[in-house]
Amino acid sequence: MSLAIHWFRRDLRLTDNSALYAATQASSQVLPVYILSQWTNDHRWTGPIRQEFLCKCLAELDRSLRSAGSQLIIRKGNALDELEKLVRETGASSIYTNRDPDPFGQHTEKDLASLASKLGITLHLFKDTALHERDEVLTGAGTSFRIFTPYSRAWGKLPKPTPLPTVTRLQPPSVASLPLPTLAYWNLASSGATLPEAGEKPAQKRLSQFLDRSALYYAQRRDLPAEEGTSRISQDLRFGLLSIRSVYREAIARMPSATLEQRRSLQTFVNELCWREFYFQVLWRWPHVLEHEFSEPFRGMPWVSDPHAFKQWTSGQTGFPIVDAGMRQLTQTGFMHNRVRMIVAMFLTKDLHIDWREGERWFMQHLLDGEIASNNGGWQWSAGTGTDAAPYFRIQNPWTQTERYDPEAAYIKRWIPEVAAVPAKRLTAPPTPGIRLAPNYPLPILDHSRERDASLAAYKQHLGR
Ligand SMILES: Cc1cc2nc3c(=O)[nH]c(=O)nc-3n(C[C@H](O)[C@H](O)[C@H](O)COP(=O)(O)OP(=O)(O)OC[C@H]3O[C@@H](n4cnc5c(N)ncnc54)[C@H](O)[C@@H]3O)c2cc1C
């Protein structure tokens, strides 16, 4: 009898799971394991929102595994130590796991390979997080793409992997589990945020509902934050409640019966999935982007340190309604609309002149979909320092952005109750100097045109132009 350990990481599902499925095909018994991270006092890169959702996902995964005849085996501590103990306890002859797109996970995989050879067992690593990973998408010269559009063309031409069967039956586990975690394990208190339903079934429902409705108008509505115009599956991809293969296949399957316009929308959606993989590739190829600007000339920019202004930004008290609405949506729900993410990120870097890394960290602490690669890509894009970055001189004006994307101020009013009674046109243009929009809502903390000029001057001076 052969026993394999399946180590769940960011693939918290039984449906279309590469490593788990392969483990069941090759072994007579599979032990499903999740190892809780060790860091219980270091919350620089995560926060209660994602950890709370993780607890719920693990509980749902355990429920699914029990329906399949097994249960989730929880361990805590250093992943390699725990896996070694499990191999010795159970006599497992192999470990299966899906590859992680982040440098930290990749580092662990290298150490795990050494451990496997020390223990004389086999390690099986699988592609699962992306349709195309690492160096699968290359230029004609065999190098990695630095720019999205040619990358997406090459990505689009590659054959896509097909979904795998769901694992429905497993043997009962031979070892005991620790209890499922609560937030207390990480010394965190609840964020109080309203979270989406966790688990693979609710995630599949979100995907189907989107593909049946909003996906058909995605190209027209995806930039309007007041609308339910996007899929809202980013946390499901982040935690692996959905398989990217299934998401892609289901989107493509809608195309033959769609009108030309609807097909364009579905294609735009697929293009966003490609952005996700582009940023995975950037992080894999140039992991230093986590510390430095992707674009070398921008390294060493004189960013401002201003804790007071940073606090006004994080708490949604800048007096710029679209910025404040976004920052409040983030803390109350763990989500922020993509268009608004760009606006608040440009505001932090180009109006407040604060280092993009501070914003990047805040987002990682508060986003439910916090994804190191996409978040870094989004921040560097907004700061003008990234791969496909908005050129440094293109500085979005928060007022004109509001006029274009939230003309009725419906999004703003949803998140800033203080201004609910203010006519929309007063929320889409700078207020008369000294006149508040509402008694308990702040005046703008800065003059956008002045800060825009200051930003341009700083970038030009740094670049020697
Ligand atoms: C400053 C900034 C930070 C960001 N941080 C993150 C992050 O931590 N995690 C994250 O998943 N996305 C991030 N994004 C990208 C994007 O905002 C979210 O993926 C999107 O808002 C999620 O909502 P949705 O699922 O409804 O997206 P949809 O519009 O329905 O898109 C479908 C999927 O495509 C992917 N996607 C869409 N847009 C992008 C993009 N620009 N870059 C990479 N992938 C994309 C996501 O997986 C998303 O779920 C960031 C963008 C910016 C500008």
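How far is an oxygen atom of the ligand from an N or O atom in the side chain of R341? In this predicted model, local features require pLDDT of at least 70 and side-chain atom pairs pLDDT 80 or more, while totals for chains, interfaces and linings use all residues. Residues are numbered from 1 along each chain as its sequence is written, and side-chain values use heavy atoms, with hydrogens and water left out.

The separation at R341 is 3.4 Å, which falls within the limit for a polar contact (a pair of N or O atoms within 3.5 Å). Of the 810 Å² of accessible area that the ligand has on its own, the protein covers 95% (Shrake-Rupley method, 1.4 Å probe).

Turning to the surroundings, 26 residues form the shell (a heavy atom within 4 Å of the ligand), and the closest include Y218 and N338. By type, the shell divides into 12 nonpolar, eight polar and six charged residues, with Gly counted as polar. Helix α10 provides the largest share, six residues. Domain 2 (130-162 + 199-285) and domain 3 (296-463) each supply at least three shell residues, the bounds coming from an automatic or database domain assignment.

Conventions
Polar contact = N/O pair within 3.5 Å; in protein donor to acceptor, adjacent residues only side chain to side chain. Helix = DSSP H or I, 4+ residues; strand = E, 2+ residues; numbered from the N terminus.
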